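Here is a short report on one protein chain. Look through the model, then read on.

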Amino acid sequence: MQSCVLLFTARTRVNSYELLYLIPATLTQEESGKIRELVLELLQKHNAKLIHHEIWAKRRLAFPIKKVENAVYVLCYFTAEASDAVLFKQNLSLKREVIRFTIIKHDDLTPQIKRFVQGEKPEAK
């Protein structure tokens, strides 16, 4: 009698994500660069593929977050499997250097990336 073993391979789907995170504006360029590198290392650790990463703006916050009144907004686009994105989110939440962040899943990143990579400006309303 022969035994039959069925192997099921989990189908993984790679999703596109937008990450916006805040770092204190009081940091030097070197210190903020280290935080950006820390985020990139976390993405690599969780098998994410970086598409775009840039400093977006420096703004005064509507209310202080962790005693910080001014912050630098850093925008990042990446692709990853859903399970890796969850682990990335958990690890990023443990980093004290990042004062706040949000991750949004996108079906198609083409319009968002076009604005930043090709230098197009969003339409005025």
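## A hairpin to start

Which residue in the turn of the β2 and β3 hairpin has a positive phi? The residue is Lys 66, with a phi of about 50 degrees. The hairpin has 2 residues between β2 and β3.

This is a predicted model: local features need pLDDT of at least 70, side-chain atom pairs count only at pLDDT 80 or more, and totals for chains, interfaces and linings use all residues. Residues are numbered from 1 along each chain as its sequence is written, and side-chain values use heavy atoms, leaving out hydrogens and water.

## The chain as a whole

The chain has 3 helices and 4 strands. Helices (H or I, at least four residues) and strands (E, at least two) are DSSP runs, numbered from the N terminus. From that end, the order of elements is β-α-β-β-α-β-α.

The chain holds 125 residues, and 36% of them are buried. Buried means under 20% relative accessible area, exposed means over 50%, and partly exposed lies in between (1.4 Å probe, protein chains only). The chain exposes about 9300 Å², and carbon and sulfur atoms supply 51% of that area. Such areas come from the Shrake-Rupley method with a 1.4 Å probe; for residues, only the protein chains shown count as cover.

Contacts also reach along the sequence. Contact means heavy atoms within 4.5 Å. Take the contacts between residues at least 6 apart in sequence: 73% of them join residues at least 24 apart.

## How the strands pair

Two strands pair if DSSP finds at least two bridges between them. Strand β2 (residues 49-65) pairs with strand β3 (residues 68-81) in the antiparallel sense, over 11 bridges. Ile 65 has Val 68 in β3 as its bridge partner.

Strand β1 covers residues 14-24. It runs antiparallel to β3, with 11 bridges. Here Leu 22 is the bridge partner of Tyr 73 in β3. β1 also runs antiparallel to β4, joined by 7 bridges. Leu 20 is the bridge partner of Thr 102 in β4. β1 is mostly covered: 10 of its 11 residues are buried.

## Aromatic rings

A pair of aromatic rings is described by the distance of the centres and the angle of the planes. Rings of Phe, Tyr and Trp (its six-membered ring) pair if their centres lie within 6.5 Å; planes under 30 degrees apart count as stacked, over 60 as edge-to-face and the rest as tilted. By this rule there are 3 aromatic pairs. Tyr 17 and Phe 78 are stacked, because their ring centres are 5.3 Å apart and their planes meet at 20 degrees. This pair links distant parts of the chain: Tyr 17 is in strand β1, Phe 78 is in strand β3, and they are 61 residues apart. Tyr 17 is buried at 7% relative accessibility. Phe 78 is buried too, at 1%.

Trp 56 and Tyr 73 have ring centres 6.4 Å apart and planes at 75 degrees, so the pair is edge-to-face. Trp 56 lies in strand β2 and Tyr 73 in strand β3, so the pair ties together parts 17 residues apart in sequence. Is Trp 56 buried or partly exposed? Trp 56 is partly exposed, with a relative accessible area of 46%. Ring pairs also link Tyr 17, Phe 78 and Phe 88 into a cluster.

## Nonpolar cores

A nonpolar core is a set of buried Ala, Val, Leu, Ile, Met, Phe, Trp, Tyr and Cys residues joined through side-chain atoms within 4.5 Å. The largest one has 20 residues. Leu 19, Tyr 21, Val 39, Leu 43, Phe 78, Phe 88 and Leu 92 touch the most other members. β1, α1 (29-45), β3 and α2 (82-93) each supply at least two residues of this core. A second, separate core has 10 residues, including Leu 20, Ile 65, Val 68 and Leu 75.

Now focus on Val 39, found in helix α1. Val 39 is buried, at 0% relative accessibility. Leaving out residues up to four places away in sequence, Val 39 touches Leu 19, Tyr 21, Phe 88, Leu 92 and Val 98. Val 39 and Leu 92 are 53 residues apart in sequence, but 7.5 Å apart in space, C-alpha to C-alpha.

## A polar contact

His 106 is found in strand β4 (residues 100-106). His 106 is buried, with a relative accessible area of 15%. A polar contact of 2.9 Å joins its side chain to that of Glu 18. A polar contact is a pair of N or O atoms within 3.5 Å; within protein, one must be able to donate a hydrogen and the other to accept it, and residues adjacent in sequence count only if both atoms are side-chain atoms.
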